Amino acid sequence: MSQLREVNIKYDMPTANEAIKRVTWNIRNGAALGCTAIKFIHGYGSTGKGGKIRTEVRRYLDNEFRQGRIRGYIAGEDFSIFDSDTRQAFQACGELRQDHDLERHNNGVTIVIL
């Protein structure tokens, strides 16, 4: 099984609450399946709604990190070989080195380290 899982949580334009449920489910199941990282595709608010899903997902992940339920997360716009969190994530999940969003500064994704 792959260490990296990619999950599109915005495919059907869910509410922010539904998106959080999807993130929670995927984090719990990803860890149980042996994943070390999950890349969530949440979009960046291009529909004019201000990126509510992105904002709420990252707020949720801040809390999960503080509670010790995840090792960390990287905002897509920070996903770069020049970012120390990204370099640490490579240690946990080598597959991230080949991810197509590396160095693309894509604020529509967030990578969670389990």
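Let's start with Arg69: leaving out residues up to four places away in sequence, Arg69 touches Asn63 and Glu64, where touching means heavy atoms within 4.5 Å. This is a predicted model, in which local features need pLDDT of at least 70, side-chain atom pairs count only at pLDDT 80 or more, and totals for chains, interfaces and linings use all residues. Residues are numbered from 1 along each chain as its sequence is written, and side-chain values use heavy atoms, with hydrogens and water left out.

Arg69 sits in the loop between helix 2 (52–66) and strand 3; helices (H or I, at least four residues) and strands (E, at least two) are DSSP runs, numbered from the N terminus. Arg69 counts as partly exposed because its relative accessibility is 47%. For that label, buried means under 20% relative accessible area, exposed over 50%, and partly exposed in between, with a 1.4 Å probe and protein chains only.

Now for helix 3. Which of its residues are buried, and which are exposed?

| Group in helix 3 | Residues |
|---|---|
| Buried | Thr86, Ala89, Phe90 and Ala92 |
| Exposed, on the other side | Gln88 and Gln91 |

Strand 3 and strand 4 (109–113) are among what covers them. At the start of helix 3, a side-chain oxygen of Asp83 comes to within 3.3 Å of the backbone nitrogen of Asp85.

Conventions. A polar contact is a pair of N or O atoms within 3.5 Å; within protein, one must be able to donate a hydrogen and the other to accept it, and residues adjacent in sequence count only if both atoms are side-chain atoms.
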